[in-house]
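Work through the following exercises with the sequence and the model side by side, and settle each task before reading its solution.

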Amino acid sequence: MSWLYVPASEASNSACNSPTIIADRLAMTSGAERQRLWRERHPEQSKSRCREYHARNRESVLDRKKQYYQDVRKAADQTSDGRLKDRNRKARRRSLSKSGHVTAEEWETILAAHDHRCAYCRTNDLALEMDHVTPLSKGGQHCATNIVPACKPCNSKKGAR
Ligand SMILES: [Zn+2]
């Protein structure tokens, strides 16, 4: 008898014909209940069946997940908001490449000039990020003279203004 699944017809024809078991079987109404009881009686087989299912379906489960994220991504790109964000990203990248850059040494000099503290709240407990004094969105340049160190909270507060 296959342990993969016990159909009702096969179960009632099986060798176990003791009256109590038959009574049990008659009491099992739903298929889910029958499966639950079967699992209770065959814990080991049930476990290996479970393992087998996952091994067999691993690929397709991963594929389904991947497909899901692709669909979500595609849907986002199709909304005007998604397109706008994409345009902003590209514009920002273009402007960064046009308006020079800040070398690691320049950033170190800026940090030293500010005593390795946030330019706004003067904390030195948090990691410092480059903050553009004149925001890039307002024509500021990504260069040493337009950059001060800022902690994350100050930087994001400023970005919202
Ligand atoms: Zn700060």
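**Exercise 1: around helix 6**

The model is a predicted one, in which local features need pLDDT of at least 70, side-chain atom pairs count only at pLDDT 80 or more, and totals for chains, interfaces and linings use all residues. Residues are numbered from 1 along each chain as its sequence is written.

Task: determine how many residues of helix 6 are buried.

Solution: a residue is buried if 20 or more other C-beta atoms, placed from the backbone, lie within 10 Å of its own. Of the 10 residues in helix 6 (residues 104-113), the number that are buried is zero, so this helix lies largely in the open.

**Exercise 2: the strands**

Solution: strands are DSSP runs of E with at least two residues, and helices are runs of H or I with at least four, numbered from the N terminus; two strands pair if DSSP finds at least two bridges between them. Strand 2 (residues 147-151) is mostly covered, with four of its five residues buried.

**Exercise 3: the core**

Task: identify which residues make up the largest nonpolar core.

Solution: such a core is a set of buried Ala, Val, Leu, Ile, Met, Phe, Trp, Tyr and Cys residues joined through C-beta atoms within 7 Å. The largest one consists of five residues, Cys118, Leu128, Ala150, Cys151 and Cys154, while 6% of the 161 residues of the protein chain count as buried.

Methods. Buried ≥ 20, exposed ≤ 12 C-beta atoms within 10 Å, placed from the backbone.
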